[in-house]
Amino acid sequence: MQGMDQALAQITERVRAAVADQTPLRIRGGGTKDFHGRGLHGDVLDTRLLSGITSYEPSELVITARAGTPLAELEAALAAKGQCLPFEPPHFGPGATVGGMVAAGLSGPARASVGAVRDYVLGVSLINGRAEPLTFGGQVMKNVAGYDVSRLMAGSWGTLGLLTEVSLKVLPVAPAEATLRFECNQADALRKLHAWGGQPLPLNASCWVQDGGLGTLYVRLRGAVAAVQAACKTMGGTLLDNAATAPDWSACRDHTLPWFAQRAQQPDLALWRLSLPATAPVLALPAAAQPLVEWHGALRWVQAPANAGDALRAAAEAVGGSASVFVAASAYPESASGQFDPKSAALAQIHARVKQAFDPAGIFNPGRLAAAW
C-alpha cells in the first residue's frame with residue numbers, strides 16, 4: 001500500500017509540474033488502443049505504476065481496481081469466482097489496463113444485449129488538470145445517482161483527467177451458453193435478428209460475416225439453462241460446440257478474425273465503424289464492400305478507402321446513424337482526423353466546457369479527440 005501511495009504521489013507531482021510548465025501529457029496504460037484517435041501528443045505518463053485490485057466483494061457484485069491493473073488480471077480474478085464483465089471489453093493486445101478500458105469506453109460483442117462500459121462504472125478516482133485528487137460515485141448502485149460524473153469518464157480517452165482507481169459492477173457468468181450458425185445473406189440475417197429481437201429469447205451476441213462468398217450468421221445465446229435450450233429448438237440453425245466458438249468470439253471482440261486481417265494487405269483501406277439503429281436495412285456501400293455486422297444489426301464494420309467517407313456518412317445518416325474511422329488507413333493516417341467530430345456546434349460547445357472544467361490548461365491527451373483540445 002505504501003508503494004502505491006508513493007506511486008500516486010509521484011504521478012500527482014508529475015501532473016502538477018506539467019501544469020506549471022504547460023507541458024502536454026499523454027496518458028498511457030498498455031498502449032493497446034494507440035491506433036484510435038486523432039493523434040498522440042505529449043510526454044508519456046504511464047499509469048501502470050498504479051496496479052492492483054484493492055477491493056472485491058463477490059457477494060456484492062462489485063470490484064475496485066487501480067487504473068494500471070492489467071485487464072486480464074481483473075478478468076481472471078472474476079472468473080475464479082464465476083463472475084465477469086458482461087460487456088466484454090476488447091483488449092486489442094496483452095497489455096490492456098482497467099483504466100484504458102474505461103477511458104476508451106469500448107464494448108465487445110454482447111454490448112447490444114447487456115449494455116456498455118459506462119453502465120457498469122460505479123465510481124472513479126482521478127487527478128484533474130489542476131493536479132487535484134477527485135472521487136466520484138462509490139461502490140454501490142445508490143452512489144451513482146444524480147450528477148453521474150464517474151460515467152462521464154467512459155469514452156473520454158484521458159482528456160478530462162488521469163484515472164487512478166475504478167469501481168465496477170460485475171455479474172455472474174450465465175448458467176448456459178450456446179452458439180447457433182445460419183447460412184444466409186445479410187438481408188436475411190437482419191430479418192432474422194429483427195424478428196428474434198421482438199421475442200423473449202436469451203440473445204447475447206451476433207455476428208454476420210461473408211467469407212469466401214458465403215454469408216454466415218452466428219448468434220450466441222446466454223441465460224438460464226431452460227431458456228437457452230428452448231431457444232435452440234425454436235430458432236433452428238446449427239448448434240456449435242462452445243469450446244470451439246469461444247476463441248472466435250474473443251477474436252471478434254479483439255478484431256483478430258480473418259475478416260479484419262484482410263486490411264493488412266491493403267494499406268489504402270481504413271476500418272470504418274457504422275453505428276446504426278438495429279432495424280436499419282442493408283446499406284448501399286461503396287465498391288461493393290461487404291460489412292461485418294454485430295450488435296444485432298446496430299454495429300457494422302466496413303473496410304473502405306478514406307475517400308469513401310462522404311458516401312459512408314451519407315448512407316449511415318440516411319437511416320439515423322453515423323460513420324467514423326476506427327482505424328486509419330496505414331497509407332493515409334490523416335484519415336482518422338474526423339473520428340470524434342461533434343455533430344453540432346452546440347455539442348462541440350458542451351464538450352469544450354466540460355474539458356475546460358476538468359483540464360483548464362489542456363495538458364491531458366491534447367489533440368486526441370479534437371484539434372482544439
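E88 lies in the loop between strand 5 and helix 3, and in this predicted model that residue is one of those nearest the centre of the second largest pocket.

- The space in the second largest pocket comes to about 580 Å³, and 24 residues line it, with C84, L85, P86, E88 and R222 lying nearest its centre.
- At least two lining residues come from each of helix 2 (71–80), strand 5 (83–84), strand 9 (171–172), strand 11 (203–211), strand 12 (214–223) and helix 8 (242–253).
- Among the contributors to this lining, helix 8 gives the most, with four residues.
- Sorted by class, the lining of the second largest pocket holds 14 nonpolar residues, four polar ones and six charged ones.

**The largest cavity**
- Three cavities of 30 Å³ or more are counted in the model, and the largest cavity holds about 310 Å³ of space.
- The lining of the largest cavity is made up of 24 residues, and those closest to its centre are I27, R28, G29, G100 and A103.
- Strand 1 (25–28) and helix 3 (98–104) each supply at least two residues of this lining, and the largest share, five residues, comes from helix 3.
- The lining of the largest cavity consists of eight nonpolar, 11 polar and five charged residues.

**T179 in strand 10**
- T179 is placed in strand 10, which spans residues 176–183, and T179 is classed as buried because its relative accessible area is 0%.
- The side chain of T179 is joined to the side chain of W249 by a polar contact of 3.1 Å.
- Apart from neighbours within four places in sequence, T179 is in contact with Y218, V219 and R220, with T238, L239 and L240, and with N242, T245 and W249.

Note on methods
Residues numbered from 1 in each chain as written. Predicted model: local features only at pLDDT ≥ 70, side-chain atom pairs only at ≥ 80, totals over all residues. Heavy atoms only, no water. 1 Å grid on protein atoms, 1.4 Å probe; cavity = no way out; pocket = protein on both sides within 12 Å on 5 of 7 lines; lining within 4 Å. Points joined across faces, edges and corners; volume = space filled by probe spheres on them. Nonpolar A, V, L, I, M, F, W, Y, C, P; charged D, E, K, R; others polar. Buried < 20%, exposed > 50% of the residue type's maximum accessible area, 1.4 Å probe, protein only. Polar contact = N/O pair within 3.5 Å; in protein donor to acceptor, adjacent residues only side chain to side chain. Contact = heavy atoms within 4.5 Å.
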